[in-house]
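This report is written for a reader meeting the structure for the first time. Please look over the sequence and the model before reading on.

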Amino acid sequence: MESVVQIANAVAAGRVKAAAVLDEHRARYRETAKRLNALVQPRHAMAGAEALQLDSMPSDSKTCQLLAGVPISIKECFPVSGLLTTLGIAQRHSGSNPDAIDREDAWLVTRLKKAGAIVVGKANVPQAMFLHETVNPVWGRTLHPLAIDRGPGGSSGGDAALVAAGVVPLAVGNDLAGSIRQPAHACGIVGIVPRTATLGDGGAFQIMHKLEVVWPRAGFLARHVDDLTRALAAVGAIGCEAADAAIENQPSHLRIAFWLDSGPLEPSAAVQRAVLEAVACLEHAGARVTRLDGALAHAAAWTHLGILSADGGADVRKLFAGSRPIPPVARLLRLASLPQSMRPLLAETVKFFGRRIEAESLRATGPRRGAALKLLFQTRQEIATQFVELARHYDAIICPVSALPALRHGTASRLVVAAAPCWLANLLDLAAGSVPVTHVGPEEEHGRGFSWDPVVRAARQTDRGSCGLPIGVQVVGLETEPGRGEATVLNVMRIIERGRKN
């Protein structure tokens, strides 16, 4: 399947029929559906009718449609009229729950359709979108396109798998804790998360209603950076001027900071190499590059996780009224609800037995209210103030997306902190993206030392057998003006993408 830009330009110019593009999508879907289990709610009949309607439009009407005829998948949490928003929870899928049926499209879906996109259906998600592993009892497990023993990540994992497998060239996801960037990295594709003021939540179903200073943000997954630019322009997230700037900005004007740190869990050898190779691409293009310590990002990660867990998982539990969460989700909810009074002693106990990362997590997370919650918000503000100073000197940061390549099935609840590098951008509402750089080499499967810590041991098992899996890097934009941070991220991602190909 061609790129988003190629498809849209050809359909708008009348060189290709939207119905023919959709036929190609259907063929690829049939080839991969049983193996991937990613497009769990196809709407091919409606999509076919919409493609024919687009083909019948006058040519001059299609020229303004930036996504004319482009097949797209939608993450299951976004309403699409006539489909279901189950979040992978059995009770929400039952016939006795009419509220699960989407009565109208999310506003982002409406914008995409107006831009000429053809929505082919909804993609799978983790249960309650609470894991970086796409599995639930309603739709089953989604597999990684390259490795049947691993998943595509989450929570936008179904969409990432579809893009990586060539089933769709563009997908809609959202991101509260790495849910676009982490699966993009795992699957070897590109993804972008705009700032809240730029695109907002896109009209997705809200899992956590009590969040005050961090929010889920809608974004896109694709195979090419130019396709992300086109998608953002098509829905008005960036103007044509900002999109042009993303393409034309001279690399020599860019000031780039980078670090190799991935937070609580040491990055795999291939992850560190990917960051260094991305930096080399930028230096070769003329950008000014400076290495920094990643300690501030480490602190930001724990602060973000603390804010997300401050209600003790109460909002997520409400979704399960009348049904039980799957074991890994239940485990995380139990940990989230553990009272603060019990955490210090338990943290010291698990640390004594070599479980360092779990001890750190116990201290940083859990129910908070009143003064304790205000203190957490104050910590966030202090980190934000330090990043304002950082933004005076740099345009963007290059760092890992995840400490690990694609995770093995059943390990996501143990390896939550693998996605910690993403949480800085979520905490501070910064534009961020993921771009593929390399693949794990055979000599990089065994670089992690022995440890009694169960998180590190799970990471060692993840590294083993990972040869050939894709590795991406994260680009975090430091500009806060709507559209400009996204333009910078796209520009830096494009330089890395082109440098990698050359």
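## Basis of the model

This is a predicted model, in which local features need pLDDT of at least 70 and side-chain atom pairs count only at pLDDT 80 or more, while totals for chains, interfaces and linings use all residues. Residues are numbered from 1 along each chain as its sequence is written, and side-chain values use heavy atoms, with hydrogens and water left out.

Helices (H or I, at least four residues) and strands (E, at least two) are DSSP runs, numbered from the N terminus.

## Asn 426

Asn 426 belongs to helix 19, which covers residues 423-428. Its relative accessible area is 3%, so Asn 426 is buried (buried means under 20% relative accessible area, exposed over 50%, partly exposed in between, with a 1.4 Å probe and protein chains only).

The side chains of Asn 426 and Asp 175 make a polar contact at 3.1 Å. A polar contact is a pair of N or O atoms within 3.5 Å; within protein, one must be able to donate a hydrogen and the other to accept it, and residues adjacent in sequence count only if both atoms are side-chain atoms. A polar atom of the Asn 426 side chain also lies 3.5 Å from the backbone nitrogen of Gly 178. Leaving aside residues up to four places away in sequence, the residues that Asn 426 touches include Leu 176, Arg 181, Val 214, Arg 217 and His 304 (contact means heavy atoms within 4.5 Å).

## Cysteines

A disulfide is a pair of cysteine sulfur atoms within 2.5 Å. By this rule the model has zero disulfides. For Cys 77, the nearest cysteine sulfur is that of Cys 422, 17 Å away. For Cys 399, the nearest is again that of Cys 422, at 7.8 Å.

Both residues are inside the cut-off for burial: Cys 77 is buried at 0% relative accessibility, and Cys 399 is buried at 1%.

## Helices 13 and 18

The axes of helix 13 (residues 295-308) and helix 18 (residues 370-391) come within 10 Å and cross at roughly 145°. Axes are lines fitted to C-alpha atoms, for helices over the stretch in contact, and angles run from 0 to 180 degrees between N-to-C directions.

Helix 13 contributes Leu 296, Ala 299, Ala 300, Thr 303, Gly 306 and Ile 307 to the contact, and among the residues from helix 18 are Phe 377, Arg 380, Ile 383 and Phe 387.

## Helix 17

In helix 17 (residues 356-364), the buried residues include Ile 357, Glu 358 and Leu 362. Helix 13, helix 15 (327-337), helix 16 (343-352) and helix 20 (454-463) are among the elements that cover the buried residues of helix 17. Just after helix 17, Gly 366 has a positive phi of about 110°.

## Backbone features

Most residues other than glycine have a negative phi, and most peptide bonds are trans. Leu 87 is not a glycine, yet its phi is positive, about 60°. Leu 87 sits in the loop between strand 2 (71-75) and helix 5 (90-93), and it is buried at 0% relative accessibility.

Met 129, also not a glycine, has a positive phi of about 55°. Its loop runs between strand 3 (118-123) and strand 4 (135-136), and Met 129 is buried with a relative accessible area of 16%.

The peptide bond between Gly 154 and Ser 155 is cis, with omega about 10°. Ser 155 lies in the loop between strand 5 (140-141) and helix 7 (157-164).
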